[in-house]
Structure formats: C-alpha cells, structure tokens
Number of protein chains: 2
Amino acid sequence: MPNQVVYVKDKHTKLFIPGPTEVKKEIIEEMEEWMFGHRSEKMTELFTTMTEDTKKFLGTENDVIILSTSGTLFMESSIMNCVDDKVLCSTCGSFSQRQADIAERLGKNVDRLEYEWGKAVKPEDVREALEKKDYDAFTCVMNETSTGIRNPLEEIGEVMKDYPETLFIVDAISALGGDYIDIEGSNIDVIFTSVQKAFAMPPGLAVCVVNDKAYEREANSKSASWYAGFQRNIDYYNKKGQTHSTPAISLMLAYRKQMKRMLEEGHKVRDQRHKDMAEYTQKWAKKHFDMFPEKGYWSQTVSTIKNTQGLNINELRQEIDEKYGIQFSNGYGKQLKEKTFRIGHMGEHTVEDVKELTDAIEEVAGL
Amino acid sequence: MPNQVVYVKDKHTKLFIPGPTEVKKEIIEEMEEWMFGHRSEKMTELFTTMTEDTKKFLGTENDVIILSTSGTLFMESSIMNCVDDKVLCSTCGSFSQRQADIAERLGKNVDRLEYEWGKAVKPEDVREALEKKDYDAFTCVMNETSTGIRNPLEEIGEVMKDYPETLFIVDAISALGGDYIDIEGSNIDVIFTSVQKAFAMPPGLAVCVVNDKAYEREANSKSASWYAGFQRNIDYYNKKGQTHSTPAISLMLAYRKQMKRMLEEGHKVRDQRHKDMAEYTQKWAKKHFDMFPEKGYWSQTVSTIKNTQGLNINELRQEIDEKYGIQFSNGYGKQLKEKTFRIGHMGEHTVEDVKELTDAIEEVAGL
C-alpha cells in the first residue's frame with residue numbers, strides 16, 4: 001500500500017536548541033505505522049539496514065550498536081564494560097563532568113583532569129596524566145554542549161596511541177553526524193551519540209561504535225552491563241540481525257529513513273554544511289557579541305555566545321519564540337544561564353535557516 | 001490547533017504475540033507532533049501528567065519512574081541499585097533466567113531457586129531459601145512470558161514480610177496493567193514493566209515503581225546506576241518534573257494518551273477484561289489442546305498451549321497471518337518452539353478479538 005499523506009500536529013517551532021533538534025516532517029511521519037513483532041523478518045530487515053547504513057555513513061569497520069535509550073546510558077555502560085578500577089575523566093563543562101559523576105556513582109576510582117568551563121582539553125595534559133598513573137580508560141567529550149567547546153580528539157588520539165592499555169572513550173553526543181571524525185584514525189575505542197542531536201531524529205535511540213579492543217576488554221571482565229553490554233548487543237546482532245530486547249520500533253522506522261538521507265548527503269558534505277553554519281554563526285557573534293569558549297576550539301554544532309550586550313536572554317527567547325516560532329537556548333547552568341546564550345546549528349539546518357534566527361535576534365534585540 | 005486526521009501506513013496485522021501488542025491507531029497518531037525541547041514547560045506538563053496518571057492507575061503511593069529504555073534495563077538497574085553482594089533469583093523460564101544472568105554479569109553473588117519450565121515459584125521454597133542465607137534481594141517474575149506462568153506474588157509477598165532486609169524485586173514486564181497487583185499490599189519494593197505489553201503502547205519506554213526502602217538502599221550504597229538510578233530519576237522528577245536526560249518525546253506523547261485511556265477504564269475493570277480473555281482462551285485450549293503450565297498458575301495475559309495435535313505451528317502461523325492478518329506466537333526457545341504455541345491476550349483486546357484468532361486457528365487447522 002502506498003504511503004498516505006499525513007499531517008503533523010501542533011504548531012511548528014523551528015528548533016535551534018542544542019537538542020532535540022529539528023526533525024523533518026517526513027521523518028516524523030515514518031512513525032505512523034502499526035506495531036509489528038520484533039522477532040519478525042521485517043524487523044531484521046529494518047535493523048540490519050539501519051546498522052549497516054550507519055557503519056557506511058560513519059566510515060567505520062568497527063561494530064555499531066543502536067540501542068533504545070538515551071546516549072547517557074552509554075556514558076554509564078562504557079565505564080561498566082571497560083573499566084575495572086581506575087579511569088581518568090577529562091572535564092571541561094557540565095556533560096564531561098557528568099561522565100565523571102557517573103563513573104564515581106558506579107564505584108570506580110576516578111581521577112579528574114579538570115579544565116575551567118570554556119577551555120578545551122589539551123593533548124599534552126592527557127599525556128602528563130597518563131604518564132603518572134595507569135588507567136583502564138580515559139574519557140573525553142567531543143563537543144561540550146554546555147560551553148560550545150570542540151575538543152581536539154584527533155590530537156588526543158595521537159597521545160592515546162602510546163598508551164594502548166588505556167581505552168579511549170569518547171562522548172560525541174552533540175557532535176557525531178555533524179562534525180567529521182575518523183574513528184579508527186583517531187584511535188578511539190568507544191564513541192557514542194544520541195540520535196536527537198546532529199542525526200536529527202526523534203530522541204529515544206543511541207548509537208555506540210565499539211572496536212575489538214573494547215569488546216575484548218568487556219568479554220574478559222568480571223562485571224559488565226547486560227542491556228548496554230557491547231558483547232550482548234554485538235553478538236545478538238551478528239547472530240540474528242535483531243536486538244536482544246524489544247526495541248523502540250517506531251523510532252527505528254524514523255531512524256532508517258533519516259539515515260538514508262544522511263548517507264545520500266554523505267559524511268563529509270554534512271560536515272562541510274555544519275562548518276558553514278558554525279562559521280556564519282561565529283562571524284555574526286563576533287560582530288554583535290563575543291564567543292564564549294577558548295579560541296581555536298569552537299564547536300561546529302553548538303555556538304556558545306557571550307551576552308556582552310547584557311540582554312535579558314529569557315525575555316529575548318520568549319519573544320522570538322512567540323513572534324517567529326524559532327527557539328534557541330540560554331546558557332547552561334546557573335553561572336552561564338544569563339551570561340551566555342547558545343545556538344544549536346546542527347542536523348538538517350542550513351546557513352539560511354540560521355540566518356532566520358540571527359535576523360530575528362537582531363530585530364528583537366535592536367542590534 | 002485541532003488534531004488532524006492521519007492515516008496509519010502499511011497493512012494492519014492484529015497482534016496476539018506476547019508483545020509488542022496491538023496499539024490503537026489514535027495512540028500511534030499521537031506521535032505525529034513536531035519535536036520540542038525537553039526543558040520546556042510543555043515537557044514538564046507532559047511528563048508530570050504521565051507520571052501522576054500512572055501512580056493513580058496503579059493505585060500506588062510509591063515513586064514511579066518512566067524511563068526511555070526497555071524494561072530489561074530495570075532488570076539490570078534494580079540489581080545495581082539494591083544488591084551489594086548476594087541475590088536470590090527464582091527461575092522458571094527464559095525471562096526469569098535472564099534476570100539471574102544479568103545479576104551474574106554484573107558480578108553479583110547469585111543463587112538460583114530453580115523450577116522446571118512450566119512450574120510456578122512456591123512461597124514455601126522462597127521461605128526455605130531465605131532461612132538458609134541472607135540476601136540483599138530476592139527476584140521473581142510476575143508473569144513468565146516464555147511458559148505462561150503467573151507466579152503467586154501475593155503469597156510470596158507474605159513470606160517477604162518476614163525478611164525485611166531482603167528487598168522484593170518483581171519483573172512484571174508482561175503483566176502490569178493487565179493483571180491486578182496490589183504493590184504495597186504485596187510487600188513489593190521494586191516492580192517494573194515495559195509499555196509495549198499490557199499497557200498497549202509503542203515500545204521504548206519502561207516503568208519502575210520504587211518504594212522508600214529501595215530508594216534508601218540505593219542512596220546508601222557504594223555503587224549504583226546513574227541513568228536508571230532510582231535516586232537520580234526520582235529526585236530529578238521531584239525537583240523539576242522532567243527527566244535527567246533527553247527522553248523519547250514522541251513515545252511519551254503516545255504514553256500520555258494511552259494512560260488516560262487506561263485510567264478511564266480503571267485498573268480493576270482492565271484486570272477483569274484480561275481475566276475474561278484468559279478464561280476464554282484457556283477453555284478453548286482445553287477443548288482442542290491442553291494448557292502447558294502448571295494448573296492454578298495460568299497467566300492472565302499470555303496463554304502457552306500444548307501442541308497436542310502435532311500441528312506445524314510455523315506453517316499455521318504463516319497461513320493465519322496471510323489469510324486473516326492476525327499473528328500469534330510459537331513456543332519460546334528451542335525446546336518449546338513447536339511443542340507449544342502462545343497467545344498474548346493483553347492490552348486493548350477483548351474476548352471478541354481473541355475469538356477471531358481462535359476461529360481462524362480452528363478454520364485453518366481444521367479443528
């Protein structure tokens with residue numbers, strides 16, 4: 001039966017918040033399908049297509065796990081699966097701190113390589129810390145959503161090469177799919193994201209890319225996650241092309257279609273489009289305000305802008321939402337809430353879309 | 001703006017598999033909404049409505065956590081959060097065995113109270129085991145989906161009252177919402193389900209009901225889950241009425257509407273409807289075949305029927321699917337696959353719906 005025309009309910013608000021991002025109408029419409037069994041051939045076809053397309057898009061030979069959860073669970077399970085005792089967590093904002101908090105809550109022995117909010121993690125500091133002590137793993141956020149920092153993963157990966165016993169775990173939640181990363185080339189053992197960021201899909205699924213070293217580490221460990229276990233998910237997929245537990249079927253239908261779209265555009269072209277949006281936003285920010293994060297490490301997906309004009313960000317946001325149906329974000333956390341504001345330029349947006357927002361800000365704030 | 005008429009795509013197949021179950025068209029259509037921020041008032045309203053309605057429906061004063069995941073993660077996190085060392089897991093089929101496997105994979109000290117597949121867990125055996133050794137928790141499945149056993153939780157709960165240091169953890173994945181349970185009255189400390197079973201919602205969300213004792217146990221423990229941590233979820237909800245991480249927004253829209261429907265019907269009436277379906281199915285099964293599980297413990301939501309007629313279950317299933325657009329399940333696991341078949345009578349179905357399936361089986365199998 002051919003697809004029928006469907007209408008998306010409710011008022012459309014264009015989202016420039018750092019997630020969930022704008023999801024295309026036709027992707028939302030994919031969820032309009034009756035339930036079907038998760039042990040059916042239909043599911044096998046759906047799930048293998050999604051998984052193989054994701055591998056292709058990311059250009060990786062590593063295993064790809066797509067799980068019904070938020071990316072946060074992979075922050076937890078990558079520690080459960082790969083860290084027996086000691087882990088070094090670099091922190092430079094709220095989400096990288098969360099990674100360290102999670103590891104601590106799991107009862108692990110956590111050392112923090114701490115940076116002031118707005119600063120990036122430096123490869124030489126990582127080397128210094130790894131020289132001093134042996135760690136099971138080192139964690140680093142690719143894109144710190146709270147501060148708008150893009151950490152130099154590629155250079156940090158060069159350092160990690162010299163410490164093969166320390167797994168390199170990367171939280172790429174607001175970056176992957178919108179900011180190109182060569183996973184194998186950067187010596188990354190585990191990298192994960194949520195789909196509601198640069199993938200531009202409805203939230204509820206998360207993706208984790210795992211190499212053999214991380215898989216083996218888990219397989220030989222005394223304790224690990226079952227639900228988000230690398231072994232459990234990868235083995236089940238390789239054997240049956242399905243998920244070990246009932247997955248979020250509706251969201252997977254949306255995923256399949258959006259991943260086809262991403263494949264068609266290609267990782268490098270998508271990366272360039274995000275680069276263009278970031279450069280446009282940065283230029284605009286420097287003209288009217290200032291960038292918050294350390295120069296040289298500005299995020300390609302989220303710009304955190306200093307509120308140098310002392311605007312009331314909450315009022316500004318509300319007015320722009322009401323007048324133009326466009327949303328952006330205030331700063332993250334108590335300290336940055338009014339001192340900065342954030343524009344998420346990721347997913348399916350273009351420079352023209354971002355310009356709509358910046359025009360609206362200029363108009364309403366009288367810049 | 002009023003809701004618009006939408007059409008669900010693809011062929012409709014009526015599902016009598018033990019999950020995912022049939023989801024009403026208007027519930028699927030709820031997902032047709034543009035994304036919105038998970039830190040918005042709209043989300044607070046959505047999430048608090050869902051949570052409070054669920055408490056009301058279940059008739060519990062305990063805390064309710066609704067998390068973006070499969071119920072399987074609560075099998076894992078309830079062990080992580082409540083068990084420091086020793087846990088007793090009763091096993092009587094595939095899913096209760098999975099609970100024990102998960103606890104073992106987490107590195108816990110697991111004793112199994114094992115029953116043959118098809119037999120129910122007996123209160124006196126639980127007492128005997130708890131007399132012999134101290135355990136942090138005891139796990140029991142309410143409804144063993146693989147064998148169609150409904151364990152006597154209420155009586156087991158009476159035993160648990162005498163062992164207050166041992167938390168009573170119940171996997172109610174294919175039962176809750178379709179089989180009445182008095183949570184507090186049965187001395188249950190932690191009970192969880194997936195929404196794609198008797199709740200009749202699209203998969204991807206899970207519900208966990210936690211009492212103060214379990215919350216305190218976690219709060220005082222050296223290690224626990226963060227993502228599925230009771231404390232993390234409950235505190236965040238109490239403070240902000242939201243989720244700690246981006247949730248599956250689309251699925252939550254469907255949840256809200258279906259929970260309203262469930263509330264309107266009421267827990268007891270819903271229970272009676274499921275009882276009627278179960279009794280009808282059992283009577284039919286006894287006429288033409290035989291029930292597989294131990295008498296006195298037949299499930300109210302999934303009937304596992306002995307294939308006494310030596311039918312080719314796979315062929316039968318395929319023919320009924322093609323001719324009538326109705327699906328049921330074969331037996332679970334290698335041993336029971338062809339020796340039994342399973343009818344899931346849960347969610348929104350009625351006796352009339354089940355009769356459609358049994359008529360079809362009679363017709364095709366020439367009974």
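In helix 8 of chain B, which spans residues 230–240, the residues F230(B), R232(B) and N233(B) are buried. The buried residues of this helix pack against four elements of chain B: strand 2 (63–68), helix 3 (72–82), strand 10 (205–210) and helix 7 (212–219). Just after helix 8 of chain B comes G241(B), with a positive phi of about 70°.

**Confidence of the prediction**

For the complex, the predictor gives an ipTM of 0.96 and a pTM of 0.97. Chain A has a mean pLDDT of 96, with 97% of its residues at 70 or more. Among the elements of chain A, strand 5 has the highest mean pLDDT (99), whereas the lowest (88) belongs to helix 12 (residues 333–336). Over residues 1–7 of chain A the pLDDT stays under 50, and the model has twelve contacts beyond four places in sequence for this stretch. Where pLDDT is low, the predicted coordinates should not be read in detail.

**The two chains**

Chain A is superposed on chain B by a rotation of 180° with 0.0 Å of shift along its axis, at an RMSD of 0.0 Å. The two copies are thus related as by a two-fold rotation axis. The contact between them takes 58 residues from chain A and 58 residues from chain B. On the side of chain A that touches chain B, the elements giving two or more residues are helix 1 (25–29), helix 3 (72–82), helix 4 (94–105) and helix 9 (249–265) of chain A. The residues of that side comprise 25 nonpolar, 22 polar and eleven charged. Because 100% of the interface residues of chain A are also interface residues in chain B, the copies meet through the same surface.

**Domains of chain A**

Chain A is divided into domain 1 (26–263) and domain 2 (267–365). The C-alpha centres of these two domains of chain A are 26 Å apart. Their contact involves 26 residues of domain 1 of chain A and 22 residues of domain 2 of chain A. Helix 2 (41–58) and strand 7 (149–150) of chain A each supply at least two residues of the side of domain 1 that touches domain 2. That side of domain 1 of chain A divides into ten nonpolar, twelve polar and four charged residues.

**Strands and their pairing**

Strand 5 of chain A (residues 137–141) has five of its five residues buried, so it is largely enclosed by the rest of the structure. Both of its faces are covered: A137(A), T139(A) and V141(A) are buried on one side, and F138(A) and C140(A) on the other. Strand 5 of chain A also pairs with strand 3 and with strand 8 of chain A.

In chain B, an open sheet of four strands has the order 11-12-15-14, with antiparallel pairing. Its edge strands, strand 11 (290–291) and strand 14 (329–330) of chain B, each pair on one side only.

| Strand pair | Sense | Bridges |
|---|---|---|
| strand 3 (residues 86–91) and strand 5 of chain A | parallel | three |
| strand 5 and strand 8 (residues 167–171) of chain A | parallel | five |
| strand 12 (residues 302–306) and strand 15 (residues 340–344) of chain B | antiparallel | five |

**Backbone features**

Most residues other than glycine have a negative phi, and most peptide bonds are trans. A cis peptide bond joins G19(A) and P20(A), with omega about -5°. P20(A) is placed in the loop between strand 1 (14–15) and helix 1 of chain A. In chain B, the peptide bond from G19(B) to P20(B) is cis, with omega near -5°.

N187(A) is a residue other than glycine with a positive phi, near 55°. N187(A) lies in the loop between strand 8 and strand 9 (190–194) of chain A, and counts as buried because 22 C-beta neighbours are inside 10 Å. N187(B), likewise not a glycine, has a positive phi of about 55°, and N187(B) is buried, with 22 other C-beta atoms within 10 Å.

**A residue of helix 10**

D276(B) belongs to helix 10 (residues 267–288) of chain B. With 15 C-beta neighbours inside 10 Å, D276(B) counts as partly exposed. D276(B) and S90(B) are 186 residues apart along the chain, and their C-alpha atoms are separated by 29 Å.

Notes: Residues numbered from 1 in each chain as written. Chains lettered and ligands numbered in written order. Predicted model: local features only at pLDDT ≥ 70, side-chain atom pairs only at ≥ 80, totals over all residues. Least-squares fit on C-alpha atoms with pLDDT ≥ 70 in both. Contact = placed C-beta atoms within 7 Å. Nonpolar A, V, L, I, M, F, W, Y, C, P; charged D, E, K, R; others polar. Buried ≥ 20, exposed ≤ 12 C-beta atoms within 10 Å, placed from the backbone. Pairing = 2+ DSSP bridges. pLDDT = per-residue confidence, 0-100. Domains from an automatic or database assignment.
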